[in-house]
Amino acid sequence: MSDDKVVDCYETKYLPFWQDNSEVLYLLNQGYKWRTGIDILINEINKIKIKKIIMINDDCHTRLIGLKQGGDEWISNESTIFQEILEKVDVEDYLILDPEYGGQRYYIGSDVDLSKVKYHDQFTQSWSQLQIEELHAMKRGESDELNTFFNEIPYEDIKYKVMCVNKRPEIHRQIACTHLVNRNDVFLTNYSKWGWDAIKRGEYDREWCRDKQDFLWHKFSNVYKRYLTQKRDKFYAKDLTWDQKEYISIGTEQQDKTTQKHADSFLSLVTETLWHKDTCFWSEKTKKALLTKRPFILLAPAGTLRMLKEFGFKTFDKFWDESYDEIEDQGKRFEAVMKIVDQILELPMKECTSLLQEMHSILSHNYYHLANIGNVVFEHPEISENEIESISKQRTQLTELLKARALRQGDGKNHVAIFGDSWTEGYGVKQPWADFLHTTMIPKNLAKSGSDNASIHRKVVEYLKSGEQPRFIVVAWSSIARRMKNYGDIGLHTYPASFAQKKQADADQLHFFNNNSTEHMFDLWEEQMIQINELAAFSQTKVFHFSVFGEKPNNVEIDNFYGSFIDILAKINRTPFRYKLPMFEYDMANDENPMKEHYDEMFGKDWEYAVAERELLRSSKYFLDCGHPNEAGHKELANVIQEQIFRNM
């Protein structure tokens with residue numbers, strides 16, 4: 001089906017409250033994407049006469065302030081947006097439909113009447129109905145869009161014991177793929193491979209976790225850590241892409257194709273959208289298993305199975321231990337899930353087929369119940385008085401913090417101060433990435449071409465000590481080996497003006513590298529980041545650290561490093577680097593580079609391959625001939641940086 005058809009079905013058929021009533025306004029709330037348009041929306045609402053607003057939240061909440069900044073996970077953009085709408089429009093009645101089970105908590109402490117917050121997931125609940133109708137249409141010979149599916153899906157001839165398909169990158173998905181990799185009886189997909197050291201540092205947990213002890217890797221037992229480490233290299237060596245090579249290229253048609261893989265497998269190991277959070281959430285990932293009459297095990301927030309039972313579905317506690325659903329500790333819950341999966345993988349295929357026959361009544365019940373659930377609006381579970389009191393207090397504290405920030409931002413100071421070298425200043429383009437930030441951001445681009453990290457660090461420190469209090473600072477660090485001299489830049493390449501200056505620069509470069517180890521250069525850079533973080537903390541300024549050429553800090557204390565520009569653009573260009581290199585600048589492999597003969601010893605035998613694949617970016621889709629980003633590259637960098645800013649607003 002086309003996307004237009006799906007939307008039409010949602011709007012006209014599968015919303016239980018939908019009606020042709022001009023006095024009712026339906027709003028789709030997309031969290032941070034709406035925040036900058038609230039005033040426009042409020043003005044439009046006040047122009048028309050309506051009696052009721054029905055707000056439909058999208059797939060999950062976007063928190064207003066991350067936990068590590070001192071905010072609370074139960075405060076979200078969705079709740080504050082609707083609070084602001086209520087304060088500024090004259091509406092008699094409203095209804096909020098929330099797709100997170102337990103999502104009432106987001107509205108505690110606001111003026112929202114909690115009895116008017118209901119559970120309904122328009123998209124995934126309606127998706128199941130649309131899919132089932134297509135299956136029946138196929139059986140009647142009216143449609144052939146979903147390949148070989150029929151109402152009665154056979155239990156024989158299954159090809160895999162377990163299937164686990166993953167699209168967007170999430171830490172629980174990569175760990176599950178690492179656990180299951182290189183098994184012929186498992187159908188596995190994975191489209192993004194994050195660095196192992198970054199996983200151990202918790203780089204991908206920080207958005208959700210209050211402190212480092214809550215990072216998933218830190219919650220695992222030592223035995224399980226060793227097991228995963230033993231399988232790590234197999235995971236990185238295995239191509240787990242399927243049908244499409246980039247997850248951003250996977251559309252509706254490819255999503256439907258994975259439904260067939262559920263039917264081809266005995267068990268669906270579902271890595272749900274959410275993992276760390278306390279609210280329960282299910283999506284089409286779980287519903288595909290229900291649709292194809294297959295048992296499932298969930299890598300999802302604790303209590304998700306309990307939620308499904310409250311919705312009327314049956315699960316599989318007669319066949320394996322489902323107590324994992326009640327384990328709050330995410331490390332223990334993960335290990336408990338994978339222990340069950342390992343037990344299932346030990347079963348002969350014939351026994352898997354026999355189990356499907358034994359499960360027939362459960363699987364059929366779930367299938368037919370799924371067909372009826374699309375139009376159901378549920379009540380959220382009850383919340384204790386103690387929890388209401390605690391969340392109300394936290395919301396009050398957060399509101400005061402937001403007011404203080406608003407006053408500080410209203411004095412004309414820039415919201416975003418930006419520091420870096422030529423990649424950030426915008427060499428070779430009319431508009432650098434700072435110009436593409438969202439209109440609510442007021443950027444002050446203080447980057448300068450040729451800057452080394454010492455000068456970037458000095459500028460940021462001077463800026464903060466001067467009394468400036470920007471809301472955000474973005475620092476795009478240059479090569480850790482670059483040093484500025486009065487005759488030009490010295491580093492992995494040099495650009496002095498005259499022959500005499502070049503000769504002196506070459507000598508200085510050799511002297512520097514001979515007397516400073518790579519570890520020392522990284523230590524110096526990390527000290528610069530830590531000092532900036534400490535200064536920014538006094539002014540409640542959020543700092544985002546990036547590197548330009550690929551360096552990544554080793555220090556686990558630096559929890560606000562968000563990646564490398566060259567790596568980000570290479571991945572977007574669908575040419576991620578196979579070879580690692582601790583530091584890089586263009587022309588490293590030039591025969592005239594005086595350091596070339598030293599690089600084998602410094603970087604290992606594959607350093608020239610690493611340089612070559614980075615050099616190939618020149619003149620590619622997002623780069624100029626010189627190797628700097630072109631305007632398209634700057635737009636992509638702006639999107640990445642903007643996303644981090646929005647997540648921390």
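The structure is a predicted model, in which local features need pLDDT of at least 70 and side-chain atom pairs count only at pLDDT 80 or more, while totals for chains, interfaces and linings use all residues. Residues are numbered from 1 along each chain as its sequence is written, and side-chain values use heavy atoms, with hydrogens and water left out.

The protein contains 24 helices and 15 strands; helices (H or I, at least four residues) and strands (E, at least two) are DSSP runs, numbered from the N terminus. Of its 649 residues, 55% are buried, where buried means under 20% relative accessible area, exposed over 50%, and partly exposed in between (1.4 Å probe, protein chains only). A contact means heavy atoms within 4.5 Å. Among contacts between residues at least 6 apart in sequence, 72% join residues at least 24 apart.

How do helices sit against one another? Two packed helices are described by the angle between their axes and the distance between the axes. Axes here are lines fitted to C-alpha atoms, for helices over the stretch in contact, and angles run from 0 to 180 degrees between N-to-C directions. Helix α3 (residues 38–47) and helix α4 (residues 77–88) have axes that come within 10 Å and cross at roughly 40°, and α3 and α4 are therefore oblique to each other. Angles under 35 degrees count as roughly parallel, over 145 as roughly antiparallel, 65 to 115 as roughly perpendicular and the rest as oblique. On the α3 side, Ile38, Asp39, Leu41, Ile42, Ile45 and Asn46 meet Ile81, Glu84, Ile85 and Lys88 of α4.

A second pair involves α11 and helix α15 (residues 360–372), which pack at an angle of about 125° with their axes 8 Å apart. That angle makes α11 oblique to α15. Here Lys287, Leu290 and Leu291 in α11 meet Asn366, Tyr367 and Leu370 in α15. Helix α11 (residues 284–291) also holds Glu284, which is buried at a relative accessible area of 17%. Its side chain makes a polar contact of 3.5 Å with that of Lys285; a polar contact is a pair of N or O atoms within 3.5 Å, and within protein one must be able to donate a hydrogen and the other to accept it, with residues adjacent in sequence counting only if both atoms are side-chain atoms. Beyond its neighbours within four places in sequence, Glu284 is in contact with Thr124, Trp127 and Gln255.

In the loop between β7 (265–271) and α11 lies Cys280. Cys280 counts as buried at 7% relative accessibility. Setting aside neighbours within four places in sequence, its contacts include Pro99, Tyr101 and Met307. Cys280 and Met307 are 27 residues apart in sequence and 7.1 Å apart in space, C-alpha to C-alpha.

The structure holds zero disulfides, a disulfide being a pair of cysteine sulfur atoms within 2.5 Å. For Cys177, the nearest cysteine sulfur, that of Cys164, is 5.1 Å away. Cys177 is buried, with a relative accessible area of 0%.

Finally, helix α21 (residues 565–572) is mostly covered, with six of its eight residues buried. These are Phe565, Ile566, Asp567, Ile568, Leu569 and Ala570. Among the elements that cover them are β11 (472–477), β14 (542–547) and α24 (631–647). Just after α21, Arg574 takes a positive phi of about 65°.
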